[in-house]
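Dear colleague,

Please find below the structure that I am handing over to you. My findings follow it, and I would be grateful if you read them with the structure open.

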Amino acid sequence: MIKVNGEEMEIGSLANLKELVESQGYNPQLVVCEVNLEIVSREKLQDRGLEEGDEIEIVTFMQGG
Amino acid sequence: MSEDKEINTALKENMDIKAAMSEDKHINTSILSEEILEDLKSNRIDHMTYLPGMEDIHSDIPERVIAAMEAYDYDSYTASDVRAALDKKNRGPEDFAALLSPAARPFLEEMAQLARKEKMEHFGNSINFFTPIYIANYCANYCIYCGFNCHNKIKRAKLNENEIREEMEAIAATGLQEILILTGESKQMSDVHYIGQAIKIAREYFKVIGIEIYPVNSDEYAYLHECGADYVTVFQETYNSDKYESLHLAGNKRIFPYRINAQERALMGGMRGVGFAALLGLDDFRKDAFATGMHGYLLQRKYPRAEIAFSCPRLRPIINNDRINPMDVHETELLQVVLAYRLFMPFASITVSTRECKRVRDNLMNIAASKISAASDTGVGAHSEKVDKKDKGDAQFEIDDDRSVEEVLEDMRALGLQPVMNDYVYCG
Amino acid sequence: MEINDDYLDLKGHKFKSRFILGSGKYSIDLIKAAVENASAEIVTVALRRANQGGVDNIFDYIPKDVVLLPNTSGARNAEEAIRIAHLSRELSGSDFVKIEIMRDSKYLLPDNFETIKATEKLASEGFVVMPYMYPDLNVARDLRDAGAACIMPLAAPIGSNRGLETRAFIKILIDELDLPIIVDAGIGSPSQACQVMEMGASAVMANTAIATAGNVPAMAEAFAQAIKAGREAYLAGLGRIVKEGASASSPLTGYLRD
């Protein structure tokens, strides 16, 4: 079990962070990922495997003042 | 051959001095005696290099003050610049520059009215009282315009602790609660510990203690603050370092950057307030007054807690030279300087010394100044009759207002001003 | 100063425009027109969790030569603001960050003390830190000492459109600090934006006033013109105001003798 943006989910067949991002329908170029409070840079998304208990945030820019 | 060369060099040096003087429109010849003219030819140490033991705090303030002063072209200001400065509520350096310029001369009355209004807003009608106490007049400096200079043949003296106590007792009996402790600038004859002892004694008699002594390092200021001093005044005399060099021929005071950083070191040492002054009449008074104001302004911005004070001394006759005068700084120019300080920094304390006569002082107190000394004497041991006459020392300069505390109190009240003996108590 | 040499300088980054445009509270397809009409060179954005199912690409709506200024909205303390700033830098690739730390959900007033802490940390990491703050002189000085690129005092509670409620305090910041003062929050109309520029503010940041206007791009343009006019008036030096009732008082300078 991992947590993605606060929601629990199973790792299933996802091999790495890049696959997770894409599986959620995000363009990896437009988001930033943080795993357990550590930022994983875009180039390293596919090097970062998923581990049980990972808490992942996927964030992007929205309108704001 | 080599002898010829030496003679040529000597001639050239004399010519250089003369050439430099003829180019400088602000030579105050009343200071120069034959002896001083001779001494001006001798070799002197570099006045821009710190001597061993002098703390260098690497501050950017002097550089900024000097740059502002050098850029100050007072003839370029017009009546409309002055008008704009007068119409503002919060004035900046450019406004200060305009108010000090010749273009402000026709506005003097309006400036005075405004300055009085500003002063009332910040101080009400209160006037702070204090008196100076000279505890020693030994001096290691050769400042050619000063009565204490080490080559001037005057009677030297240094009060011992008993004599200091007697002097202070006599002063306290007049009702004064603020004192300014002064020495000549000899660290050897009046060391920091001696001054610290004087401050500790002063604590027993006074609520506010200022010092006007030779500049020291920040740790020494911290020590003097611990002893009970809260305000440090250092006159830069002139901010033109070339002119400074030709006026201060020997002694620690010769080192221009060490002196100009004194106020900042005092603040680093925990002092509550610092005082600034150019001795008007030594050089171009507009540039010097501008630099003095900028010095206070920039330090206050860097140390917002610092209380800022300005003095506005003009040159006075001294023992062995009664010709010394403030050159082109007449009463009108003095007033303009005081008004410009007040309008630029309405919250600053402004003192007018007993170098000025009663008429000038009382008017300046009424218009723009906030602090006055009474029963002043620049001699050592002058306040108490108990100090033996043989232990008293000669004065630094001639004063022009010898009113007693009681007389000044009366005169201030007659002007509708309220004398205040102290508005703050030292708390360490 | 010549108008042509007049730039807003944020830690060496120079901007011709003195209008920072917020992108919140209005439709994303209006952003491009608003930015263009505002002649804005800096636009704020906020970091949020991506919505499942894909996101609108805000980058597509903001012209490429515009600097994105991510804010740290949502942060309740320095630590959270720093975290958001790090993520934002990763995403925007630029060092600009606007610190916004709020612990009050009713008035949304910024927490000055946490803001100082965050500023110190982020400035030391090379960020161009633009802190949003409640106008307090001592805090502004602390922010400057902490390495802020400017100070962003609020004119009124954020989103309120109430105008210059903190006028006297903002004037003190303008007078006492050598850093750019960018008035942020509460400015509700172009005339108010013009006024703060006349006072000597370095720039204005506005969002709600434009987002809630009848015509968003048109209001963005109105703000741009007002800010420009205010700046030019400031540089020109305002004319004098004749005070009512001349005060006849006895001359003070009659004592002079020479």
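This is a predicted model: local features need pLDDT of at least 70, side-chain atom pairs count only at pLDDT 80 or more; totals for chains, interfaces and linings use all residues.

Leu37(A) sits in the loop that links β3 (32-35) and β4 (38-40) of chain A. Although Leu37(A) is not a glycine, its phi is positive, at about 75°.

Asn5(A) also deserves attention: this residue is not a glycine, yet its phi is positive, at about 45°. Asn5(A) belongs to the loop between β1 (2-4) and β2 (7-9) of chain A. It counts as partly exposed because it has 16 C-beta neighbours inside 10 Å.

In chain C, please look at helix α3 (residues 112-124) and helix α4 (residues 137-146), whose axes come within 8 Å and cross at roughly 15°. The two helices are therefore roughly parallel, as angles under 35 degrees are classed in that way. Their crossing is right-handed. On the α3(C) side, the contact is made by Asn112(C), Ile116(C), Thr119(C), Glu120(C) and Ala123(C). On the α4(C) side, Val139(C), Asp142(C), Leu143(C) and Ala146(C) take part. By class, this contact comprises five nonpolar, two polar and two charged residues.

Two pairs of chains are in contact, and chains A and C share the most contacts. Chain A and chain B are joined by no contact, and their closest C-alpha atoms are 32 Å apart.

Yours sincerely,
A colleague

Definitions and conventions. Residues are numbered from 1 along each chain as its sequence is written. Chains are lettered from A and ligands numbered from 1 in the order in which they are written. Axes are lines fitted to C-alpha atoms, for helices over the stretch in contact, and angles run from 0 to 180 degrees between N-to-C directions. Helices (H or I, at least four residues) and strands (E, at least two) are DSSP runs, numbered from the N terminus. Angles under 35 degrees count as roughly parallel, over 145 as roughly antiparallel, 65 to 115 as roughly perpendicular and the rest as oblique. A crossing is left-handed if the near helix is turned anticlockwise from the far one by less than a right angle, and right-handed if clockwise. Two residues are in contact if their C-beta atoms, placed from the backbone, lie within 7 Å. Ala, Val, Leu, Ile, Met, Phe, Trp, Tyr, Cys and Pro count as nonpolar, Asp, Glu, Lys and Arg as charged, and the others, Gly among them, as polar. A residue is buried if 20 or more other C-beta atoms lie within 10 Å of its own, exposed if 12 or fewer, and partly exposed in between; C-beta atoms are placed from the backbone.
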